[in-house]
Amino acid sequence: METPDSGGSVPDAGTEEPDAGPEAPDSGTETPDAGTETPDSGTETPDSGTETPDSGTETPDAGTETPDAGSGTPDAGQPTEVNVIDNGGFEVWPGALPALWSGSTSNIEVVQKVTTQAFEGVNAVRLVNTSSTHQRFSTVAKSMPAGRYSCSYQARGTGEVRNAFFGTAYSSYSSYTSVNPQTWTRVAYTFNLANAVYETFELIFSVRNTSGEHVLIDDVRCVRAPEPCDQVSCEVWARCDNANATCQPLSGRCDDAMDCNAWQACDETHTCVTAEGRCVRHADCAGTPETPVCDTATHLCVEGDPCAGVTCSNPATSCNPTTGVCELAEGACFTTYDCLGALPACDPATRRCVAAEHSANIIRNGGFESWSTRPIPYYGNNYVPDFWYGLDNGITDPGTEIKPSRLMRYTSAVHGGSAALQFVVPIQVAERFSLEKFNVPTGNYSCSYRVRGHGTIRHRLYSSAGWSPQTDFIAVDSDEWQPVFFRFTGNVRDWRLLFYPSRSVADRDHLQVDDVVCTKD
């Protein structure tokens, strides 16, 4: 068996022995105490006094540390190498796992603490995976600056180990190293982080085919190589180039116009933008009707027709004469979400926006045009909108609970047709108002309703599929009609829409709802 520090190099050393160099640590071209006087002359004998010259708490030529101590280079003035791996010696072990290890990429099942014959310190870690399928053991996630990293660790036992890292994705793996059951072997691994990562970096050990003592790991170290740009600070729109240690603009950013294309200018945010009188698309030429076409070769506005040669394959689209791009034609739609004007529903057959009364709308009397007087349990005869005020048992099959006297036919301002529904609910607690239930065929449905006035309202769905997610209350305080959109999937029985109005205020005639529509996509 060899001593722990044997191998190709000393574990913490680089290419040179710790104290090696052109000078011996305590020697030089002159005798240590020599100067302009004879060494032994003076009031005191050079080696006499209360301390021996080379003894005490410090070595004569050393700084605050003993030349061979620490992970840094022994010669004064050289940068200290910092191990970026926390608890790399596995000395801190608060429970079943070592501190700051077993990150999110770990999937190894057996991790053990080793307290005898560690390479350094008192602990090492044992990784057990007897199968030929590799398993991972990693550090916990941390932030890491971009740069080149040199890693090393000591391994012993029987099995195979290799390395990788996780930044924003898994890196490729290094080759497997078969470890020695008798002696600690130094394993090296290098990697490059092209960009800094934030709270996601994990160093990975991949092991397989372990037996006997399995794979023991100790003294894990990773050191980032210094780069010229480490001492350079750049503006947010620039990045330091290590080749010359200067700040260079990021892609699309600039210090002046020389950093941009010939047809661009550098604005006050140090961003390359289209220069005045130049263009990248037809829309940039909208201000010059005589030259509405952008010549992408010269980036100049020229005469022509932006829609020349443009064919729109979808019947719901047409070429926009300003942009030269196929867009939804006026009044056309893909779904009800596209119908923002006076016609709130989308007819899937024609891809045109239609009124709420159109047959494409599966909501019966969604415009609240039809009202009638009918008996309501416990409230007598009341004037309510047809196909609304659904009545169920209110527990497992929820129905309307709002008093019918809080519902009014409203004609002062409507979104479509001649009537809307007014809620007069100055109370703090919202009460359900339900559509009468019906079955909905298979398909995806896009829905909307319009609301105005002053108060709060939300909606929810219930069917054989159960409750839909609960929506938040919408605060309404406007005389303008505001659209509210939602979607659901059909192939359900006993479907109904429920409104929950509350906190209405008389200054805007309380709350009004109109044009409730759902159409199949």
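# Briefing: disulfides, nonpolar cores and aromatic pairs

A disulfide joins Cys279 to Cys294, with an S to S distance of 2.1 Å. The model described here is predicted. The structure holds 12 disulfides, and the count of aromatic pairs comes to 24. The largest nonpolar core has 34 residues, and a second, separate core has 31.

**Disulfides**

- The torsion about the S-S bond of Cys279 and Cys294 is about 95 degrees, so this disulfide is right-handed.
- Cys279 lies in the loop between S12 and strand S13 (293-295) and Cys294 lies in strand S13, so the pair ties together parts that are 15 residues apart in sequence. Cys279 and Cys294 are both buried.
- Cys260 and Cys272 also form a disulfide, with their sulfur atoms 2.1 Å apart. This link is left-handed, with -85 degrees about the S-S bond.
- Cys260 is in the loop between strand S10 (246-249) and strand S11 (264-266), whereas Cys272 is in strand S12 (residues 272-274); the pair links distant parts of the chain, 12 residues apart. Both cysteines, Cys260 and Cys272, are buried.
- In the disulfide of Cys333 and Cys346, the sulfur atoms are 2.0 Å apart. The torsion about its S-S bond is about 90 degrees, so the disulfide is right-handed.
- Cys333 belongs to the loop between strand S16 (326-328) and strand S17 (345-347), and Cys346 to strand S17, 13 residues apart. Cys333 and Cys346 are buried.

**Nonpolar cores**

- Within the largest nonpolar core, Phe423, Trp495 and Phe499 touch the most other members.
- Elements giving two or more residues to this core include strand S22 (420-423), strand S25 (444-463), strand S28 (492-502) and strand S29 (511-520). S25 provides the largest share, six residues.
- Apart from neighbours within four places in sequence, Trp495 is in contact with residues including Ile363, Leu435, Phe438, Val440, Leu461, Phe488 and Cys518.
- The second, separate core includes Val187, Leu193, Phe201 and Phe205.

**Strand S22**

- Ala420 and Gln422 point one way from S22, while Leu421 and Phe423 point the other way; all are buried.
- S22 pairs with strand S21 (residues 407-410) in the antiparallel sense over four bridges. Gln422 in S22 is the bridge partner of Met408.
- S22 also pairs with S29 in the antiparallel sense, over three bridges. Here Leu511 in S29 is the bridge partner of Phe423.

**Aromatic pairs and charges over rings**

- The rings of Phe165 and Phe191 have their centres 5.0 Å apart and their planes at 35 degrees, so the pair is tilted. Phe165 in strand S5 (residues 147-166) and Phe191 in strand S7 (residues 185-193) are 26 residues apart.
- Phe165 counts as buried because its relative accessibility is 12%; Phe191, at 6% relative accessibility, also counts as buried.
- Trp388 and Phe433 form a stacked aromatic pair, 5.5 Å centre to centre with 5 degrees between the planes. Trp388 is in the loop between strand S20 (380-385) and S21, and Phe433 is in strand S23 (residues 433-434), 45 residues apart. Trp388 and Phe433 are both buried.
- Ring pairs link Phe368, Trp388, Tyr389, Phe423, Phe433, Tyr449, Phe486 and Phe499 into a cluster.
- The charged end of Arg156 sits over the ring of Trp184, 5.0 Å from its centre. Arg458 lies over the face of Tyr500, at 4.3 Å from the ring centre.

Technical notes
Residues are numbered from 1 along each chain as its sequence is written. This is a predicted model: local features need pLDDT of at least 70, side-chain atom pairs count only at pLDDT 80 or more; totals for chains, interfaces and linings use all residues. Side-chain values use heavy atoms; hydrogens and water are left out. A nonpolar core is a set of buried Ala, Val, Leu, Ile, Met, Phe, Trp, Tyr and Cys residues joined through side-chain atoms within 4.5 Å. Buried means under 20% relative accessible area, exposed over 50%, partly exposed in between (1.4 Å probe, protein chains only). Contact means heavy atoms within 4.5 Å. Two strands pair if DSSP finds at least two bridges between them. A disulfide is a pair of cysteine sulfur atoms within 2.5 Å. Rings of Phe, Tyr and Trp (its six-membered ring) pair if their centres lie within 6.5 Å; planes under 30 degrees apart count as stacked, over 60 as edge-to-face and the rest as tilted. A charge sits over a ring if NZ of Lys or CZ of Arg is within 6 Å of the ring centre and within 35 degrees of the ring normal.
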